[in-house]
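Colleague: I have just opened this entry and would like to learn how to read it. Could you walk me through it?

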Amino acid sequence: MYTSLLHVRQAINFERQLIDHLETYIEQETVRLKDIKRFYAKVSDLHSEVYSGPSASMANPLVAFTLIKRLQSEWLNLVYSDEAQENTQALRSGYKEVEEEGFLPKLEDLQGAAKGLMRLQDVYSLQVGALVRGQFQRISNGNPIDIYSPIVSIPLSGDDCFLVGKVAYEQEDYYHSVQWLEESVRLFRGTGGEWSPENEGTLEDALDHLAFSHFKTGNVSSALSLSQELLNHDPMNRRVLKNIEKYERLLVEYPPLLSANTELKRPNTTYLRTRNTYERLCQTQGIQPRHYENPRLFCDYFTNDSPGLLLQPIRREVLSLQPYVVLYHRFISDSEAESIQDIAQTGLRRSVVASGEKQATAEYRISKSAWLKETAHPVIGRLDQRITMLTGLNVHPPYAEYLQVVNYGIGGHYEPHFDHATSASSPLFRLNTGNRVATFMIYLSSVDAGGSTAFIHANFSVPVVENAALFWWNLLRNGQGDGDTLHAGCPVLVGDKWVANKWIHEYGQEFQRRCSPDPEE
Ligand code: OGA
Ligand code: FE2
């Protein structure tokens with residue numbers, strides 16, 4: 001479901017152990033090891049060339065996906081394949097040892113990584129064909145443009161594409177299954193249908209799933225020709241024969257199906273109404289509001305007349321007036337940001353969202369988070385103080401929540417939402433200090449691509465600025481939620497994104513923020 005950079009690093013270490021076992025095995029064996037040697041060479045090259053490189057090359061979603069897939073399926077297939085027949089005892093028990101440590105990725109991790117890839121494909125309009133070559137490209141005015149150039153390209157195999165396509169297929173999402181299975185069929189055909197022991201799927205499996213996906217999207221003629229190709233490989237398959245008859249009959253009975261317009265439609269999402277804006281804002285990677293068009297937007301050195309900031313004013317950048325959004329540059333130091341990540345690390349749990357009166361995990365928020373009390377480390381109290389100096393707000397619980405530290409995994413995101421409660425039964429009211437009047441969000445890391453914070457109705461997005469903090473009011477002065485604060489954390493394309501949230505409540509701020517019955521204020 002969720003893969004962080006830490007998981008990727010752990011997985012790399014587990015795979016090293018497996019490689020050692022395989023190496024010992026290959027040294028003993030002399031016969032029939034062509035495929036195993038090829039696999040060994042491929043994987044050990046990855047370890048020496050990619051996995052020992054800078055972390056940006058590991059925070060690549062294609063690295064995460066292919067690594068998880070090998071650990072979840074390829075190694076198992078290989079170790080128990082017919083080719084690994086002789087003297088396999090040591091190899092298999094070596095594999096079992098690693099397996100028993102209990103940290104190998106599970107099927108749901110692999111499915112989560114596949115869904116993450118499809119999410120990135122959608123939000124950033126990535127070309128599947130380019131992804132398969134290990135590149136991140138979008139077509140713009142007919143030309144491919146690189147959105148991000150990875151240090152090392154990790155190409156995908158026919159079996160990798162088969163797996164992504166199958167995850168889509170199982171969700172009855174034929175928009176994605178068609179695209180990924182097309183690539184899978186193309187790559188499997190390219191290897192002449194030659195079988196590799198580590199693979200989960202075959203050319204026949206891919207043809208079968210692709211034909212059915214085409215049929216479901218109304219493209220009966222493609223379904224027919226793929227089924228005929230499948231029959232050539234598997235002439236006795238009665239089910240395929242029957243499908244062929246059905247497709248032929250359909251094409252005779254409904255000839256328009258032959259020329260049917262089979263433009264595929266994306267499956268609906270929970271945030272359908274704002275999807276186009278959201279994706280545009282994510283793709284533009286933080287278009288800043290144009291200050292010169294609005295002289296009331298400005299940058300300055302800000303002290304808030306606070307003695308603690310006089311010697312070290314903060315660089316303030318006013319990004320928007322309605323809603324009022326400010327970015328404070330260099331709010332936190334590198335070492336403070338690093339300490340906060342370290343302290344949070346062990347407490348990280350899958351993030352939840354308010355669901356009625358309860359909290360629950362949701363696909364629309366993919367990240368892990370931890371709550372840090374002021375007592376956990378002196379650095380947290382220092383940050384609280386700095387927030388108070390800047391905003392004048394009382395950030396002591398229960399007038400504010402504990403610091404929430406969030407780590408977005410590979411492809412992690414937070415779809416458009418409000419930070420404040422929009423229903424009276426929300427769990428956010430349990431503190432009995434009113435609603436979340438303001439958000440103070442600190443960027444604890446940089447990212448390599450993606451991950452901006454998008455303000456949907458206000459029509460701008462903020463790129464991840466390492467060590468900066470974003471502040472905005474969620475409520476109008478009359479206490480009602482400000483609909484213009486609808487915002488999102490765009491999916492992380494490449495990188496390891498960390499933020500920390502301090503949510504400040506209404507009570508305790510009475511002297512700092514004047515109330516007003518005027519809904520316009
Ligand atoms: C949040 C949030 C945005 C981001 O955590 O509530 O909106 O860019 N995060 O991470
Ligand atoms: Fe938020």
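**Domains, contacts and backbone**

Modeller: Gladly! The domain assignment divides the protein chain into domain 1 (5-105), domain 2 (108-253) and domain 3 (277-505). Please keep in mind that this is a predicted model.

Colleague: How far apart are the C-alpha centres of domain 2 and domain 3?

Modeller: They lie 39 Å apart. The contact draws on 12 residues from domain 2 and 17 residues from domain 3.

Colleague: How should I read the size of such an interface?

Modeller: Interface size is often given as the accessible area lost when the parts come together. Here, domain 2 and domain 3 bury about 1,200 Å² between them, and carbon and sulfur atoms give 63% of that. On the side of domain 2, Arg 119, Val 123 and Tyr 124 lose the most area to domain 3, together 50% of what that side buries.

Colleague: How many salt bridges and how many polar contacts cross this interface?

Modeller: The rule finds zero salt bridges between domain 2 and domain 3. For polar contact, six residue pairs are found across the interface, both residues being at pLDDT 80 or more.

Colleague: Which elements supply the side of domain 2 that touches domain 3?

Modeller: Helix H6 (107-123), strand S1 (136-140) and strand S2 (143-148) each supply at least two residues. H6 has the largest share, with five residues.

Colleague: Now for the sheet. In what order do the five strands of the open sheet come?

Modeller: The order is S9-S12-S18-S15-S16, with antiparallel pairing. At the edges are strand S9 (365-366) and strand S16 (460-462), each pairing on one side only. As an example of a pair, strand S15 (residues 453-455) and strand S18 (residues 487-489) are joined over three bridges in the antiparallel sense. Ala 454 has Ala 488 in S18 as its bridge partner.

Colleague: Which helix lies across S12, S15, S16 and S18?

Modeller: That is helix H13 (residues 275-283), which runs at about 135° to S12 (413-417).

Colleague: And how do I read backbone angles?

Modeller: Most residues other than glycine have a negative phi, and most peptide bonds are trans. Ser 125 is not a glycine, yet its phi is positive, about 50°. Ser 125 sits in the loop between H6 and helix H7 (128-132).

Colleague: Where do cis peptide bonds occur?

Modeller: One joins Gln 322 and Pro 323, with omega about 0°. Pro 323 belongs to the loop between strand S4 (314-320) and strand S5 (325-329). Another joins Pro 397 and Pro 398, with omega about 5°. Pro 398 is in the loop between helix H16 (378-391) and strand S11 (403-408).

Conventions: Residues are numbered from 1 along each chain as its sequence is written. Chains are lettered from A and ligands numbered from 1 in the order in which they are written. This is a predicted model: local features need pLDDT of at least 70, side-chain atom pairs count only at pLDDT 80 or more; totals for chains, interfaces and linings use all residues. Side-chain values use heavy atoms; hydrogens and water are left out. Two strands pair if DSSP finds at least two bridges between them. Helices (H or I, at least four residues) and strands (E, at least two) are DSSP runs, numbered from the N terminus. Contact means heavy atoms within 4.5 Å. Axes are lines fitted to C-alpha atoms, for helices over the stretch in contact, and angles run from 0 to 180 degrees between N-to-C directions. Domain bounds come from an automatic or database domain assignment. Buried area is the accessible area (1.4 Å probe) that two parts lose on being put together, summed over both. A salt bridge is a side-chain nitrogen of Lys or Arg within 4 Å of a carboxyl oxygen of Asp or Glu. A polar contact is a pair of N or O atoms within 3.5 Å; within protein, one must be able to donate a hydrogen and the other to accept it, and residues adjacent in sequence count only if both atoms are side-chain atoms.
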